[in-house]
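Dear colleague,

Please find below the structure that I am handing over to you.

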Amino acid sequence: TIVQMMENARENTIVIFAGYEKEMKEFLSQNPGLRSRIPFHVHFPDYSESQLLEILKLTAKNNNYTLTEGAECKAREIFKLASTNKDFGNGRFVRNLFEKVITQQANRLANIESCDKDMLKRIEEEDIIKSIQRI
């Protein structure tokens, strides 16, 4: 159906297929007619550990959180290790980690009798460590 639409409406149709490189090659190899109708391929390399850390820091900042130096170091280690996993989700991994970190931070602070405003905004190394066990 897609191949037919791409051919019959090619003057006013744009189709974007996105996915991981290996899986996209397998997908395109399933139908030679599809492969021949896709003139442009754009490869986006995975983010580096530094770029993933910057994404995490920006996500935290946009949600009114800050990371301690220890949290940043631990996150960088985790990104380095996780990026070797075949199912690594790149930016999605950062988002999932951040969501777990916020939950972990809230759980940690729930056990503290008195919290100040800075404590509520600060992500500690232990929040990162305990969160990774949940991903």
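The largest nonpolar core of this predicted model contains 20 residues. A nonpolar core is a set of buried Ala, Val, Leu, Ile, Met, Phe, Trp, Tyr and Cys residues joined through side-chain atoms within 4.5 Å, where buried means under 20% relative accessible area, exposed over 50%, and partly exposed in between (1.4 Å probe, protein chains only). Leu56, Phe79, Phe98 and Ile123 are the residues with the most contacts inside this core. At least two of its residues come from each of H4, helix H5 (69-82) and helix H6 (91-110), and H6 gives the most, with 6 residues. Helices are DSSP runs (H or I, at least four residues), numbered from the N terminus.

Phe98 deserves a separate word. With its neighbours within four places in sequence left aside, Phe98 is in contact (heavy atoms within 4.5 Å) with Leu56, Thr59, Ala60, Asn63, Tyr65 and Ile123. Another core, of 5 residues, lies apart from the largest one; Val3, Met6, Leu28 and Leu34 are among its members.

As to the origin of these values, residues are numbered from 1 along each chain as its sequence is written, and side-chain values use heavy atoms, with hydrogens and water left out. Since the model is predicted, local features need pLDDT of at least 70 and side-chain atom pairs count only at pLDDT 80 or more, while totals for chains, interfaces and linings use all residues.

I turn now to the charged side chains. How many salt bridges does a search of the whole structure find? The search finds 10, a salt bridge being a side-chain nitrogen of Lys or Arg within 4 Å of a carboxyl oxygen of Asp or Glu.

Glu7 takes part in a salt bridge with Arg10 (2.3 Å, N to O) and in another with Arg37 (3.0 Å, N to O).

Lys130 is partly exposed at 39%, and Glu126 is partly exposed at 36%. Elsewhere, salt bridges that share partners join Glu7, Arg10 and Arg37 into one network.

Yours sincerely
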